Amino acid sequence: MKRTADQVSVGILGGGQLGLMLAESLLHLGASVATLEPDPESPSATRLAQVKAKAFTDAAAIKELFSRCDVVTFDSENVPEAPLRRYAAQLRPRREVLAVSQDRKSEKAFLTAAGAPVVRHQPIARTAELPAAIRAFGFPCIVKTTLGGYDGKGQYRFGSAKELTDAKFEGAGPWILEEQLTLTTEISCIVARPRQGKAFCFPVFENFHQHHILDVTVLPARVSPALQKQARKISLQLAEALDVEGLLTVEFFVGRGRDGRERLYVNELAPRPHNSGHVTRQACTMSQFEALARILVGAPLFEPVVHPGAWCMGNLLGDVWEAQGRSGGDLDLSAWAKFPDVVDVFLYGKAIARPKRKMGHFVVRAKTADQAVRRARAFRVALMRAP
Ligand code: ADP
Ligand code: MG
């Protein structure tokens, strides 16, 4: 006999904002939630029950999580995969999906084998080999750590050989070298794929980054229907090829390489909820978190509809706290009173605000996409001026 949602127990490796918002959706469905997250002041630790502050490599903590939960998922592809091997039967998405997406080298190899368009690249084993390899590869290029990078961490850009002269790389490698494209824009697709039933793709999101970090997401994306169709098709194919049970986010570049032709490139994969999908919490009849929660507990899943209007999600980084002279925690939100079109502000409750650290986000609803972006930027400026 099938279990109902209120009998299902779900484990989450990671208690960041993604883990917290997923937990909210799971609790809403009546499931019970247990989290493993090393940071004792994580967003989940401060707001949820049943959060264990132990390392992802703590064998006893991992064993306990898997023994008390029916299924276990993760809120970051950077959780070490080796300690999870013996519990692979309970892991969603599959262990192999985690392994492919957490290593940029295997990710590129998978994408290439799957026939997806990727930027020209080259793996480099050791840091000592980098300078010569970069010169031979050509400029402009980006060097990325293959393991553990996120929000632009572990990335170095080189416009010319001159910039390479006193370059310092953190860590011993391995690395991946990528041609730096001239970007027109960036888009992302989130595929929701249940074990049984039909997979679907959330609407295409248009993303703007600053300093390699997501700044704003816009819905509907201001790219051609043909490009959107192609992105959705590729994303569904990749989720199928990986046999994902859960979510698969596919990040794309729309840009030009050396040959000067504009096209779509797959940048990277994230088998989990994604920052660009936060906008679905207000803009869609079902959010990315609700979709994953339903997949994990086996509840019915239907393709969501986008509410009328245009939407923009803006990230709130530690820089906003800094501008207000705050070291973390709460923010002065008095400026919100003048922005009735800001339909949601979500602060993650992180105690320490570092520059570039994701501390919260907000969502704007407007008539047009351009207007939504303008209002989002104006709101952030107003917050930075407070009090
Ligand atoms: P992360 O894991 O930190 O998100 P990404 O590879 O997605 O790493 O890079 C972050 C951002 O840096 C991208 O969204 C894009 O704005 C920029 N970027 C990364 N690689 C390239 C590239 N090859 N060409 C142009 N811009 C790039
Ligand atoms: Mg990225």
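Colleague: Are E251 and E268 buried or exposed?
Modeller: This is a predicted model, in which local features need pLDDT of at least 70 and side-chain atom pairs count only at pLDDT 80 or more, while totals for chains, interfaces and linings use all residues, and side-chain values rest on heavy atoms, with hydrogens and water left out. Residues are numbered from 1 along each chain as its sequence is written, and chains are lettered from A and ligands numbered from 1 in the order in which they are written. Buried means under 20% relative accessible area, exposed over 50% and partly exposed in between, with a 1.4 Å probe and protein chains only. By that rule, E251 and E268 are both buried.

Colleague: Which residues are the protein donors of the magnesium ion (ligand 2)?
Modeller: Donors are N, O and S atoms within 2.8 Å of the metal (3.2 Å for Na, K and Ca), and sites may look incomplete because water is not among the atoms. The protein donors lie 2.0 to 2.3 Å from the magnesium ion, and they are E251 (OE) and E268 (OE).

Colleague: How many residues apart in sequence are the parts that this pair ties together?
Modeller: Strands (E, at least two residues) and helices (H or I, at least four) are DSSP runs, numbered from the N terminus. E251 lies in strand 13 (residues 246-256) and E268 in strand 14 (residues 262-270), so the separation in sequence of the parts they tie together is 17 residues.

Colleague: In what order do the strands of the open antiparallel sheet stand?
Modeller: Two strands pair if DSSP finds at least two bridges between them. Strand 8 is joined to strand 5 (residues 121-124) by 4 antiparallel bridges, and strand 8 also pairs in the antiparallel sense with strand 6 (residues 141-145) over 5 bridges. The 4 strands of this open sheet follow the order 5-8-6-7.

Colleague: Which residue is the bridge partner of P123 in strand 8?
Modeller: Within strand 8, V143 stands opposite L177, and the bridge partner of T145 is W175. For P123, the partner in strand 8 is I176.

Colleague: At about what angle does helix 5 run to strand 8?
Modeller: Axes are lines fitted to C-alpha atoms, for helices over the stretch in contact, and angles run from 0 to 180 degrees between N-to-C directions. Helix 6 (residues 130-137) lies across strands 5, 6, 7 and 8 and runs at about 20° to strand 8. Helix 5 also lies across these strands, and its angle to strand 8 is about 50°.

Colleague: Is helix 4 roughly parallel or roughly perpendicular to helix 5?
Modeller: The axes of helix 4 (residues 95-102) and helix 5 (residues 104-113) come within 5 Å and cross at roughly 105°. Angles under 35 degrees count as roughly parallel, over 145 as roughly antiparallel, 65 to 115 as roughly perpendicular and the rest as oblique. Helix 4 is therefore, relative to helix 5, roughly perpendicular.

Colleague: Which residues of helix 5 make the contact with helix 4?
Modeller: Contact means heavy atoms within 4.5 Å. From helix 4 come A99, V100, S101 and Q102, and from helix 5 come R104, S106, E107 and F110.
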